[in-house]
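Look at the sequence and the fold before reading on.

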Amino acid sequence: MYDSIRALLFRLDPEQAHELTLRAISLAGRVRPVGWLLSQIFKAPDKPVEVFGLRFRNPVGLAAGYDKDGVAIHGLDTLGFGHIEIGTVTPLPQSGNPKPRVFRLVEDEAVINRMGFPSRGTEFVQTQLDPDLHVGFVERTFGFRPRFYVAYRRPTAAVLVVNLSKNKNTPNEQAVYDYISLLQNYARLAGYLTINVSSPNTVGLRQLQGREALESLLTHLHEQRLLEQTRWEKRLPLLVKLAPDLSAGELDDALDVILRTHMDGVIVTNTTLAREGLRSSQGGESGGLSGAPLRVRSEEVLAQVVKRLDGRLSVVSVGGIMSPDDAKRRLGMGAALVQVYTGLIYRGPGLVKEIIKAL
């Protein structure tokens with residue numbers, strides 16, 4: 001069925017297709033009979049894992065970037081993910097980079113994006129995730145007029161994760177304040193938080209992966225995390241997401257800092273600036289490349305990170321996971337969890353169930 005749907009979606013601009021599917025999934029999550037039907041279609045056996053002191057119903061998660069503002073968490077939950085990463089969220093609303101900013105490379109089963117963190121801002125996203133805040137919406141039923149009502153946010157089976165970064169206009173010297181404010185906002189609401197310093201689409205952001213800048217940032221975040229844990233009486237894991245384009249020395253430096261500053265894990269990798277071997281005519285577009293061409297480099301970085309950490313921290317693998325075999329290989333290499341995104345574009349939501357059944 002997805003082959004037919006994909007053919008229609010691929011006639012649309014990539015960002016329009018994304019917005020359309022996101023709205024459809026959001027609506028499905030709000031209309032409970034539809035959500036129940038989807039959960040039955042995509043139901044897979046539980047393959048529980050415990051990582052970062054959290055229990056996941058399976059090791060397959062949705063990578064950041066799909067649901068940037070947390071508007072579709074209930075619909076996404078019906079697809080069987082073990083965790084759903086919301087964001088990237090910035091403190092203040094921002095529109096991101098000018099359009100067009102997303103490009104399909106169909107021949108390569110890849111996507112290039114230069115979104116630049118479009119976000120409705122932390123205040124909006126908090127209302128989507130906070131179970132103590134009321135959310136009003138319209139329910140339409142056959143034979144009845146629409147009725148408005150107010151409901152608490154329902155819990156999800158998937159662990160909710162929030163990916164954090166600074167606003168585009170915040171200088172790197174002041175970035176720590178953006179990250180701290182976000183940590184304060186989501187300490188109570190998220191299973192764990194991802195510190196994103198590796199997107200290639202915000203000018204200067206990747207400079208925060210350097211040894212000195214990263215150590216200063218993570219030291220302050222760890223101190224704030226301890227305060228929030230005392231305040232909310234819950235453990236708050238912090239993970240750092242790294243780029244695939246770091247040299248071996250830069251990667252070692254980053255991992256040294258991550259270990260020294262008491263982080264809980266590493267996510268590898270973000271999108272890449274590399275363009276080797278692409279066949280698509282749009283391969284020269286600027287931005288971060290994801291999908292099948294990232295597979296080899298992402299696995300190389302995963303192997304380096306697993307060896308360097310030697311079991312001291314858990315690793316989440318993302319980038320180029322397009323099939324159940326790809327996911328199984330990452331887990332076999334030592335990843336505790338895997339995440340998918342571009343694979344869903346080319347394979348459809350059934351990929352999650354296929355991976356889980358193959359484990």
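Two strands pair if DSSP finds at least two bridges between them. Strands (E, at least two residues) and helices (H or I, at least four) are DSSP runs, numbered from the N terminus. This is a predicted model, where local features need pLDDT of at least 70, side-chain atom pairs count only at pLDDT 80 or more, and totals for chains, interfaces and linings use all residues. Residues are numbered from 1 along each chain as its sequence is written, and side-chain values use heavy atoms, with hydrogens and water left out.

**The barrel**
- Eight strands close into a barrel, in the order 3-4-9-10-11-12-14-15. Their pairing is parallel.
- The twist from one strand to the next averages 25°. Axes are lines fitted to C-alpha atoms, for helices over the stretch in contact, and angles run from 0 to 180 degrees between N-to-C directions.
- Strand 3 (residues 60–62) pairs with strand 4 (residues 83–89) in the parallel sense, over two bridges.
- G61 has H83 in strand 4 as its bridge partner.

**A helix on the strands**
- Helix 9 (residues 295–309) lies across strand 12 (265–268) and strand 14 (314–318). Contact means heavy atoms within 4.5 Å.
- Helix 9 runs at about 180° to strand 14.

- Three strands form an open sheet in the order 5-6-13, with antiparallel pairing.
- Strand 5 (102–105) and strand 13 (288–291) are the edge strands, and each pairs on one side only.
- Neighbouring strands of this sheet are turned by 20° against each other on average, direction ignored.
- Strand 5 and strand 6 (residues 110–113) pair in the antiparallel sense over four bridges. F103 stands opposite I112 in strand 6.
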